[in-house]
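Here are some notes to read with the model open beside you.

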Amino acid sequence: MCMKIAIDARVLMDPQYSGVPEYVYNLISSLVAIDQQNEYLLFYNSAHQVTLPNFNTPNLRYIGRQIPNKFLNYGLFKVLGYPTIEKLIGEPVDLWFMPHLNFIAKKSVTKSILTVHDLSFLRYPEFFSMRKNIWHRAINAKALVNSFDKVVAVSEQTKRDLIDLTGVASEKISVIYGAASAEFKVIAKDDRALQSTKQKFNLPARFILSLGTIEPRKNLLALIKAYESMRAQNPDLADVQLIIAGGSGWNSAAIYKAIATSPYRQDIKLLGYVDRSDKVALYNLASVLAFPSLYEGFGIPPLEAMACGCPVVASWGTSLAEVIGEAGLLIDPYDINDLSAALTQVLQNNALADQLSRLGGLQAAKFSWQRSAEAYLELFKISQ
């Protein structure tokens with residue numbers, strides 16, 4: 001039976017894709033690639049002109065409204081509980097799918113599915129600004145999650161957090177992993193694009209790569225200290241630089257200060273936000289990805305790195321062990337010596353680096369957006 005599926009596409013209005021927006025873009029792209037039967041309606045709202053991705057398929061269309069977001073979220077959805085999403089869409093739908101937590105008002109008669117990427121704001125509110133914490137409290141994640149018929153968790157860790165922190169019933173939760181996009185793959189070292197990125201950022205032959213938003217949760221202070229310890233103890237690694245790629249996030253002043261005052265500051269480079277093509281090249285050029293994050297609901301960068309043949313050193317906690325398996329070195333993110341030793345191992349032991357590169361490729365191949373989309377499509381069907 002053909003279904004009309006409405007999807008909350010508000011996260012796709014972000015001009016710079018990473019994390020959740022990238023997840024949603026890849027998921028929708030994969031859904032419409034394998035499903036030509038159902039009709040997809042993508043809802044967005046903005047009082048200003050926005051650029052949205054073109055999925056180039058006849059069974060998908062956008063439905064937009066031009067209500068100021070603060071008024072819609074806090075005044076209408078939060079206080080009045082009106083208009084419902086069904087009213088805003090303006091036509092009957094069989095299923096309402098929200099791929100991320102957000103403000104909403106909906107009719108209970110419409111079947112609904114919600115994807116939760118992580119509950120770090122409940123587990124570690126200190127990782128977020130006051131403004132973000134107020135936003136999260138206003139959403140009321142516990143009530144929101146329990147108002148949906150089905151909930152998708154992006155990892156077993158997120159499923160455990162959902163049960164512990166929101167009280168949602170285990171049987172309502174399906175775990176569906178994300179994946180690295182197809183463009184994340186091993187590229188020949190003499191490839192023109194790789195050499196272009198290397199020249200663009202003036203990259204050395206060997207470097208440790210850190211990729212993600214510059215914020216406390218990513219544990220960059222520990223990475224900088226671990227890099228300093230590694231350099232101090234290993235003169236043979238004097239040519240290895242630390243390359244940090246990612247946009248500036250909340251409460252990042254201490255991180256920038258640590259870089260500016262580091263005895264190895266000349267070898268620590270900040271690239272800022274990098275586009276997708278440069279990300280692929282950086283993974284292929286890097287000697288190792290360092291990802292000592294304190295909390296991740298899933299963790300796409302290690303998966304992207306492994307798909308590109310880059311060895312990974314990452315935290316053993318939260319979901320990262322699920323993603324990496326035995327294909328990377330897992331460390332205690334609170335132990336700087338552990339992180340420093342793991343990075344040193346990879347950089348000094350070529351056989352280990354080659355083994356991690358091979359195992360990482362095999363591990364990354366276990367995840368695919370097609371399989372993710374197929375799992376979602378099956379969930380859509382049984383939700384009717």
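The points below take these topics one at a time.

1. First, the ground rules. This is a predicted model, so local features need pLDDT of at least 70 and side-chain atom pairs count only at pLDDT 80 or more, while totals for chains, interfaces and linings use all residues. Residues are numbered from 1 along each chain as its sequence is written, and side-chain values use heavy atoms, with hydrogens and water left out.

2. How many cavities of 30 Å³ or more does a search of the whole structure find? The search turns up three. A cavity here is a set of points, on a 1 Å grid over the protein atoms alone, where a 1.4 Å probe fits but cannot get out; lining residues have an atom within 4 Å of a point. Grid points are joined across faces, edges and corners, and a volume is the space filled by probe spheres set on the points.

3. Start with the largest cavity, at about 50 Å³. Among its lining residues are Glu22, Tyr23, Ser181, Glu304 and Trp369. Helix 1 (20-34) and helix 12 (300-307) each give at least two lining residues, and helix 1 has the largest share, with three. Helices (H or I, at least four residues) and strands (E, at least two) are DSSP runs, numbered from the N terminus. By class, the lining splits into four nonpolar, three polar and two charged residues. Ala, Val, Leu, Ile, Met, Phe, Trp, Tyr, Cys and Pro count as nonpolar, Asp, Glu, Lys and Arg as charged, and the others, Gly among them, as polar.

4. The second largest cavity also comes out at about 50 Å³. Its lining includes Ser210, Leu211, Lys218 and Phe291. Strand 8 (207-211) and strand 11 (288-291) are the elements that supply two or more of its lining residues.

5. Now an open space: the second largest pocket holds about 420 Å³. Of its 24 lining residues, Lys189, Asn284, Leu285, Ala286 and Ser287 are the closest to the centre. A pocket is an open set of points with protein on both sides within 12 Å along at least five of seven lines. Helix 15 (350-364) is one of the elements that give two or more lining residues, and helix 15 has the largest share, four residues.

6. Next, look at strand 9 (residues 241-245) and strand 10 (residues 268-272), which run parallel and are joined by four bridges. Two strands pair if DSSP finds at least two bridges between them. Isoleucine 243 sits opposite lysine 269 of strand 10.

7. The salt bridges number 16, each being a side-chain nitrogen of Lys or Arg within 4 Å of a carboxyl oxygen of Asp or Glu. One of them joins glutamate 91 and lysine 4 at 2.8 Å, N to O. That pair spans 87 residues, from the loop between helix 3 (85-89) and strand 4 (95-98) to lysine 4 in strand 1 (residues 4-8).

8. The partners lie in helix 1 and helix 11, 257 residues apart. Are glutamate 22 and lysine 279 buried or exposed? Both are buried, meaning under 20% relative accessible area, with exposed set at over 50% and partly exposed in between (1.4 Å probe, protein chains only).
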